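Dear colleague,

Please find below the structure that I am handing over to you.

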Amino acid sequence: MIRENWRLVLLVVLVLGGSLALFGPLGAAGGEGPTNLQYGLELSGGASVRAPLVGMTADPVDLEGTAEQDLERNIAEELGLSPPTIEVRYPDREAATTEGTVEVYNESVTQAEFAAALQAVGLDADESVIDAGLTRATYDTAERVLDSKINAGGLTGGDASVTTGANQTYLTVEVPNANRSQVLELVGDPGRVQIVGLHPADDGGYERVPLFDQETLNVNGVSQSQQTGQWGVDVSVATRESAQRFSTIMQEEGYTDNQGQCNYEIGSGPEGENAYCLLTVRNGQVVDAVSMGDLATTIESGDFVEDPRYFISSNSQEDARELEINLRAGALPSALDVESGTTYFLQPSLAQDFKFLSLVTGVVAVLAVSLTVFIRYREPGVALPMILTAGAEVYLLLGFAALIGLALDLSHIAGFIAVIGTGVDDLIIIADEILQGERVSTGRVFESRFRKAFWVIGAAAATTIIAMSPLAVLSLGDLQGFAIVTIVGVLLGVLVTRPAYGNILRNVVLD
């Protein structure tokens with residue numbers, strides 16, 4: 001019996017799994033209400049920003065014989081910028097070419113100035129190889145960083161994505177349950193954090209030495225110092241080489257011998273002489289300055305290299321939390337050009353209306369299909385399993401959405417309604433093929449008719465999947481969500497629910 005109805009058993013197992021995803025620990029955390037379902041911007045309210053990144057790219061540029069770090073620093077000096085605003089991308093080692101790209105992340109630099117700086121450092125490049133906009137690799141980095149910031153900041157359901165249109169690449173950031181100012185603050189802050197050493201120079205001034213950045217630090221968490229009561233972030237140096245370099249600089253430049261001297265005023269600079277400070281620099285601005293303190297003892301003893309832990313102090317717990325997010329997420333390579341982009345805000349109250357109307361639309365669709373089926377067959381044994389099977393298909397889709405953390409929007413609701421229509425249509429094909437003509441009296445006759453109907457359903461499903469695949473792959477906004485839900489629904493139908501309905505109909509017809 002189980003062998004004959006294994007598809008029906010599989011459907012029951014999947015429904016139970018969908019229930020666990022919707023209501024139990026299998027679902028993605030962060031759902032609103034009693035279920036694990038998450039809702040996107042259109043069903044929960046929130047804000048979105050769609051804008052290009054600031055900067056321009058020189059491509060191609062012959063980079064043969066140049067050192068990456070030296071080249072970035074030299075180009076930055078020619079333009080009067082800091083090194084992080086320049087990115088040199090060398091070709092792959094396996095590629096039979098020396099041509100790469102150079103990017104500048106600054107809106108004030110003109111193409112003529114960029115070309116002049118490239119030529120000044122020995123690169124053969126003019127304005128003809130310089131275009132506005134940045135490479136796809138830079139956009140992918142920005143997308144990853146923003147996704148990390150959204151998740152680290154507790155903004156559930158938010159998402160960053162790269163889209164292309166009208167010969168322009170954009171970064172789209174959508175954050176449910178957030179207002180416009182919160183999203184603009186999120187995308188407008190590059191979040192570049194550096195630890196810089198400040199010590200007296202030979203010419204009587206002060207010299208700054210970059211020590212650590214996001215890539216060389218591992219974040220352990222926010223804590224409060226027991227000695228000073230100051231909030232900050234506990235970090236550890238990622239590599240032994242970086243820890244050894246830090247220890248060497250601290251000892252050779254005299255930091256460990258002047259461990260309590262850091263006369264630095266935030267906003268103005270060092271005061272007096274012999275200031276030895278560790279500066280926390282955020283987006284080019286000094287936000288905190290401290291002396292070596294007890295760290296000097298661990299460096300002189302060699303313990304720091306073996307256990308390279310470090311405490312970055314902040315002015316408040318809120319600042320420490322923001323610093324932690326920036327350190328964990330990394331820095332945006334460039335800011336978004338919000339002025340040339342678009343912002344969108346949807347009131348949560350209006351989104352709740354959309355959610356209710358979406359539910360009403362789905363119920364109306366189910367009732368309309370149910371009424372049509374009952375009028376067509378006038379046989380509860382045939383029509384009722386058809387409606388229940390279609391409902392199980394939608395339930396499985398909801399479980400799938402909860403399991404992967406898909407934030408439902410209106411496009412997904414449209415996909416659910418389309419799945420209801422196509423699913424019942426396929427079930428009608430099965431019922432008509434089996435019930436037409438003489439009454440089915442043996443299992444062999446039933447299998448023959450079901451196989452004939454299933455070929456038609458399979459061909460239709462393949463056509464639908466092929467037609468929807470480009471929409472699911474390409475970044476086409478709401479159409480992508482509609483296509484993904486439709487494809488998953490069709491696959492569930494062909495592989496599980498349509499065959500399961502065939503098993504139910506077999507028992508009804510052959511009883």
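The notes below describe what was found in this structure.

This is a predicted model, in which local features need pLDDT of at least 70 and side-chain atom pairs count only at pLDDT 80 or more, while totals for chains, interfaces and linings use all residues. Residues are numbered from 1 along each chain as its sequence is written, and side-chain values use heavy atoms, with hydrogens and water left out.

**The two sheets**

Helices (H or I, at least four residues) and strands (E, at least two) are DSSP runs, numbered from the N terminus. Two strands are said to pair if DSSP finds at least two bridges between them.

Strand β15 (residues 277–282) is joined to β16 by five bridges, and the two run antiparallel. Within this pair, Leu279 stands opposite Ala289 of β16. Contact here means heavy atoms within 4.5 Å.

Another open sheet has three strands in the order β11-β12-β17, and its pairing is antiparallel. Here β11 (217–224) and β17 (309–313) stand at the edges with a single partner strand each, so one side of each is left without a neighbour in the sheet. Direction ignored, neighbouring strands of this sheet are turned by 30 degrees against each other on average. Seven bridges join β11 to the antiparallel strand β12 (residues 231–237), and Leu217 has Val237 in β12 as its bridge partner. Helix α10 (residues 317–329) lies across β11, β12 and β17, at about 165 degrees to β11.

**Salt bridges**

A salt bridge is a side-chain nitrogen of Lys or Arg within 4 Å of a carboxyl oxygen of Asp or Glu. By this rule the count comes to eight salt bridges. For the residues involved, buried means under 20% relative accessible area, exposed over 50%, and partly exposed in between (1.4 Å probe, protein chains only).

Glu306 counts as exposed, at 57% relative accessibility.

Arg309 and Asp307 form another, with 2.9 Å between the closest N and O atoms. Arg309 is exposed at 55% relative accessibility, whereas Asp307 is partly exposed at 39%.

Where does Arg498 find its salt-bridge partner? The partner is Asp426, and the closest N and O atoms are 2.8 Å apart. Arg498 lies in helix α15 (residues 478–510) and Asp426 in helix α13 (residues 410–435), so the pair ties together parts that are 72 residues apart in sequence. Both Arg498 and Asp426 are buried. Together with Glu393, they are linked in a network of salt bridges.

**Individual residues**

Ser411 is also placed in helix α13. Its relative accessibility is 10%, so Ser411 counts as buried. Leaving aside residues up to four places away in sequence, Ser411 touches Glu42, Asp478, Gly481 and Phe482.

Most peptide bonds are trans. A cis peptide bond, with omega of about 0 degrees, joins Asp59 and Pro60. Pro60 belongs to strand β3 (residues 56–62).

Thr97 is found in the loop between β4 (86–89) and β5 (99–104) and is partly exposed, with a relative accessible area of 35%. Its C-alpha atom is separated by 8.8 Å from that of Glu64, which is 33 residues apart along the chain.

Yours sincerely,
A colleague

Technical notes
Axes fitted to C-alpha atoms, helices over the stretch in contact; angles between N-to-C directions.
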